[in-house]
Amino acid sequence: SIFNDALRPTIGFTPVPVALGDQVDVVTVPYGYTARPFFSWGDKVVKGAADWRSDASNTAAEQELQAGQNNDGMHFFPFPDAPNEHGLLVVNHEYINDTLHPNGPTVTENSQGQKQRPMQEVLKEQAAHGVSVIEIKKDADGQWQKVYPSHYNRRLTANTVMDISGPAAGSAAMKTLQDETGRRVLGTLNNCSMGVTPWGTYLICEENWKNYFVNRDEQDWQNRPAHKRYGISAEANSYYNYWESADERFDATPKAEQKRGGYVNEPNRFGWVVEFDPFDPESRPVKRTALGRLVREGCTCVMADDGTMAFYSGDDTRGEYVYKFVPEGKFRADAPAANRDLLDKGTAYVAVYHADGTGEWRALVQGENGLTPENGFATQADVLINLRGAADVVGATPMDRPEWVAVHPQTTDGYVSLTNNYKRGVDPDQPLNAANPRADNDHGQILRWREFDQNPAAEKFHWELFLLAGPVLQTQPKPGEFAALEGDRFSCPDGLWFDGDGRLWIATDYDELEPEYAGQGTNQLLCADPVTREVKRFMTGPVGAEITGLTGTPDGKTLWFNVQHPGLSYPASDGVTRPRSTTVVVTKDDGGVIGS
Ligand code: FEO
Ligand code: CA
Ligand code: CA
Ligand code: CA
């Protein structure tokens, strides 16, 4: 394989066994390692925050100053003078659970049979979304501690004021009753994975934002690709608890009597990459429309020595695509001001995987590749707001739910987790293909690619399947067909992250209580060798939780991961306390590099 010139990392720990049963309420790491709950839902973030109340009776206003729920993508930003001892931890809060309220959400019905929610509950739910920034530091004993209060600490929520920039900013399709400029939006939603730029900003990514909106005008919905193609429902969506009943911004039904159609365009203002500077607590986050609008999992940067960059993203829905964005400008370490708006100009591409192991990035540019006014793309704003539809036109390859992308630190090869897809080979729009070779795919695969000449801006690449996940050892792949899974079993790869030594860390997300996953145990964190494809299980989590959000210190001696939506009583693990999504810190007892 052309990929075998990667570093071969040492993977020296003794793997942990699967954790079976429905009462597992702990995190288990290998002998010689310590894992400690570090940052949980309800922890104090902003100065003046109230203590978390274990009966969930904190108010919406209190929640605004505390950690949100469902910790997901995150990143450790070191301070330059003490990079392994002091930094900012930026943590996404993807969504909320019923545990947010003392007795779950209150739902009533009005005289028309429409579901209604109390305003204070909706406000608390909105406050539990978004991002936390916390200052963290090692104490005299070498233990990581949260610095509180800290002027860096910050919460972004579903109601934080944000700017909109790039080619779609200010277009008619971005204007709402509240915003006649099309350049100012409240909040970010469903922040799953993330990205980091070479100039030190954090990229929030907006994933399943579609679930928060409703367009009850069935005929309008049928004809509006910016709603229908993205999965917005024509019926109120219970998953996000009928916010539209308390906050009209989430009712995207067109209202002819209101300016700019009311909030019919509000969903067009979500699905973007949102950039912000964690070191500047006053900075206003910016939605960068040049990258396009997706159900966007993450945004992973690769950079060549000359400053040429690409940003890779999966669109996590069954049969959706893998994308990249190549900024027009190059990163300049010597001119920080020149980097500030690099994400406003560039080209979005979508991936096509050919059976011969080559692939193409097809440009999503108005006027090219069939993106014409006749096909619904009169301007580049049209292309970016309906990037999925543009990708359909250019012939992108439908994938098995693309989640995180990781980039190898030495070779710059990209790895994407394709988590699972029960529609593969079943839905006529999703036939088997070389990159997605298994029908009714419950277990997922990891695919990797190398850009031609290892140039981030290349329009062609080589690719292969790295691993097929699942309980069955695939020992005899046909030559060139797909790879074996060597070592410890797992299903549904989701989080992917390379450490500096080239270890590939794989976090899983499956429902261990479903029969498809019998024997797999609770969700896991694994470590893979990119050359031998050997996989070792590093950690098992509590029942009900997915594992996600991988980051570490530059020296590799601290690792953080997230235990998202645990089911029992983690992190208290006392069988009584309500569970809390939690960031866990891992160190090696001998002070060595994690995984070595
Ligand atoms: Fe929020 Fe695709 O995981
Ligand atoms: Ca998640
Ligand atoms: Ca995910
Ligand atoms: Ca997932």
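Reply: Here is a close look at the nonpolar core and the parts around it.

First, some housekeeping: this is a predicted model, where local features need pLDDT of at least 70, side-chain atom pairs count only at pLDDT 80 or more, and totals for chains, interfaces and linings use all residues. Residues are numbered from 1 along each chain as its sequence is written, while chains are lettered from A and ligands numbered from 1 in the order in which they are written.

Let's start with the whole protein. Its secondary structure comes to 7 helices and 31 strands; both are DSSP runs numbered from the N terminus, with helices being H or I of at least four residues and strands being E of at least two. The radius of gyration is 23 Å, close to the 25 Å that the globule rule gives for 596 residues, so the protein is as compact as a globular protein of that length. (That radius is taken over C-alpha atoms, and the rule is 2.2 Å times the number of residues to the power 0.38.) The C-alpha trace spans about 65 × 55 × 55 Å along the principal axes.

How much of it is buried? Buried residues make up 53% of the 596. "Buried" says that 20 or more other C-beta atoms lie within 10 Å of a residue's own, "exposed" that 12 or fewer do, and "partly exposed" is in between, with C-beta atoms placed from the backbone.

Now for the core itself. In soluble globular proteins, nonpolar side chains tend to be buried together. Here the largest nonpolar core has 152 residues, and L364 and A406 are those with the most contacts inside it. (Such a core is a set of buried Ala, Val, Leu, Ile, Met, Phe, Trp, Tyr and Cys residues joined through C-beta atoms within 7 Å.) Strand β18, residues 346-353, gives this core its largest share, 6 residues.

Zoom in on L364. Leaving out residues up to four places away in sequence, L364 touches, among others, A348, Y349, V350, L387, A390 and A391. A contact here takes two C-beta atoms, placed from the backbone, within 7 Å.

L387, A390 and A391 bring us to helix α7 (residues 387-394), where they are buried along with R388 and G389. What covers the buried residues of α7? The cover includes α4 (225-228), β18 and α6 (380-385).

Most residues other than glycine have a negative phi, and most peptide bonds are trans. R401 has a positive phi, near 60 degrees, although it is not glycine. R401 is also buried, with 25 other C-beta atoms within 10 Å.

For contrast, look at Q454, in the loop between β22 (445-451) and β23 (460-468). Its phi is positive too, near 50 degrees. Is Q454 buried or partly exposed? Q454 is partly exposed, with 13 other C-beta atoms within 10 Å.
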